[in-house]
Amino acid sequence: MIAALLRLAWEGRKFAILLIVGGVAAVFYVLWTQAQADRDGLIRWGDQTCEAAGAAFRPHEAKKRAWGAACLIEVRRIAKVERDLHTATAADLIAALDERMGKEAADAALAAAMSRRTAEAVARMEAADAAVQNDNTVGAGWACAVNDLGGLRAPGC
């Protein structure tokens, strides 16, 4: 009985080898197809993620080896900002807010002083214009008012 089975196996060896090779090829084909699908899915995920981060995953001029480089830099920058925000203490945030409000107050005070100075220069210029004589001759006071209005201060004015 065993001898008959061995003889039958020997006679069908070509068919058995063909079945084994075909089965291995089918397994490789399924694995290759799955690997391609996984790769395509990862590329789609990279495109979407990098688009959300504000960078391109596959720039038009980049080769495959350089895909994702710009995106990685942008994602690292965003992550650093997030880390810095989470590690900053309330005191740091309050100090930054105080500094900003101080700068805004200083800017407002400077703007008010400049506005007052401009209004005073315009008033002096109008007074100097009113003091012009009937023959349209002007004096040093009028020239000083013009210079003052332009932001120039002469030593003798």
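Predicted model: local features only at pLDDT ≥ 70, side-chain atom pairs only at ≥ 80, totals over all residues.

Colleague: Which rings are they, and how is the pair arranged?
Modeller: They belong to Phe-57 and Trp-67, with ring centres 6.2 Å apart. The planes are at 55°, so the pair counts as tilted.

Colleague: Why quote both a distance and an angle?
Modeller: Because a pair of aromatic rings is described by the distance of the centres and the angle of the planes.

Colleague: Where in the chain do Phe-57 and Trp-67 sit?
Modeller: Both are in the loop between helix H2 (13-53) and helix H3 (69-87), 10 residues apart.

Colleague: Is Trp-67 buried, exposed or partly exposed?
Modeller: Partly exposed: its relative accessibility is 25%, and buried would need under 20%.

Colleague: What lies over the face of Trp-67?
Modeller: That's Arg-58, at 5.4 Å from the ring centre. There's also Arg-13, whose charged end sits over the ring of Trp-10, 4.2 Å from its centre.

Colleague: Back to Phe-57. Which residues make up the largest nonpolar core?
Modeller: Phe-57 is in it, along with Ile-43, Cys-50, Ala-55 and Cys-71, five residues in total.

Colleague: And what is Ala-55 in contact with, leaving aside its neighbours within four places in sequence?
Modeller: Cys-50, Ala-70, Cys-71 and Glu-74. Cys-50 and Cys-71 are also members of that core.

Colleague: How many of the residues count as buried?
Modeller: 10% of the 157. The protein exposes about 13100 Å², and carbon and sulfur atoms supply 66% of that.

Colleague: New topic: where is Asp-148 found?
Modeller: In helix H5, which covers residues 140-149.

Colleague: Buried or exposed?
Modeller: Asp-148 is buried, because its relative accessible area is 7% and the cut-off is under 20%.

Colleague: What is Asp-148 in contact with, beyond neighbours within four places in sequence?
Modeller: Arg-117, Ala-121, Arg-124 and Arg-153.

Terms used
Residues numbered from 1 in each chain as written. Heavy atoms only, no water. Phe/Tyr/Trp six-rings, centres within 6.5 Å; stacked < 30°, edge-to-face > 60°. Helix = DSSP H or I, 4+ residues; strand = E, 2+ residues; numbered from the N terminus. Buried < 20%, exposed > 50% of the residue type's maximum accessible area, 1.4 Å probe, protein only. Lys NZ or Arg CZ within 6 Å of the ring centre and 35° of its normal. Core = buried A, V, L, I, M, F, W, Y, C linked by side-chain atoms within 4.5 Å. Contact = heavy atoms within 4.5 Å. Areas by Shrake-Rupley, 256 points an atom, 1.4 Å probe, with all protein chains shown as cover.
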